[in-house]
Amino acid sequence: MKAVILMSLLSSSIILYQFNKNSPTSDWRIVDDGVMGGRSSGDFHINESGNGVFEGVVSLANNGGFSSVRYRKTFQIQSLKNIRIHLKGDGSIYQFRVKAYSSDRHSYISEFQTSGEWETIEIKLSDMHPAYRGRKLSIANFDQDQLEEMAFLIGNKKEQEFHLEIKSIQLF
């Protein structure tokens, strides 16, 4: 009986977002460098396959250089310590970001390289470092018991088009 209970605990997870053809795009909000005068332009939509698509152009004009898409909802983490994202990128480096509280100025960040193929990215929450406006902060890595915001950001200090297709995001 103990083995069954242990297996159940090991396999527990929380779906943070599962995209499908009926997913509302209004749940996700684009924040580009335009908030600081930049000229980057991101877009978010659901494609014919039912996946979330974050795409656009990063521009360095006017001291710009990033685009992001953000989702706010409160999730209790419980004993779950990892994030699993099923996605297909364009070969670029992206950031996955979380905030324990949406009012926090800083985010906790993990960078990942995409391959151009469908893949599963796994991130330890405790490895996510705090940063504000691109600067790493001298406070502890993520150690909270809730999430209120998650985001994808591209900002590789170069002008580029980008395309990131997302199927699901879960805690495990």
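In the protein chain, the mean positions of the 20 positive and 20 negative charges lie 6 Å apart. The structure is a predicted model, and the values below are computed from it.

The protein chain contains 1 helix and 13 strands. Along the principal axes, the C-alpha atoms occupy a box of roughly 60 × 40 × 30 Å. The radius of gyration of the protein chain is 16 Å, in agreement with the value near 16 Å that a compact globule of 172 residues would have.

Of the 172 residues in the protein chain, 47% are buried. The accessible surface amounts to about 9500 Å², and carbon and sulfur atoms account for 48% of this area. When contacts between residues at least 6 apart in sequence are considered, 72% of them link residues at least 24 apart.

Asp32 belongs to strand β2, which spans residues 28-32. The residue is buried but forms no salt bridge. The nearest side chain of opposite charge is that of Arg70, at a distance of 8.7 Å, whereas a salt bridge requires a side-chain nitrogen of Lys or Arg within 4 Å of a carboxyl oxygen. With residues up to four places away in sequence left out, Asp32 is in contact with Ser40, Ser41 and Gly42, and also with Phe66, Ser67 and Ser68.

Technical notes
Residues numbered from 1 in each chain as written. Predicted model: local features only at pLDDT ≥ 70, side-chain atom pairs only at ≥ 80, totals over all residues. Heavy atoms only, no water. Helix = DSSP H or I, 4+ residues; strand = E, 2+ residues; numbered from the N terminus. Rg over C-alpha atoms; globule rule 2.2 N^0.38 Å. Buried < 20%, exposed > 50% of the residue type's maximum accessible area, 1.4 Å probe, protein only. Contact = heavy atoms within 4.5 Å. Areas by Shrake-Rupley, 256 points an atom, 1.4 Å probe, with all protein chains shown as cover. Lys, Arg positive; Asp, Glu negative; His and termini not counted. Charge placed at Lys NZ, Arg CZ, Asp CG, Glu CD.
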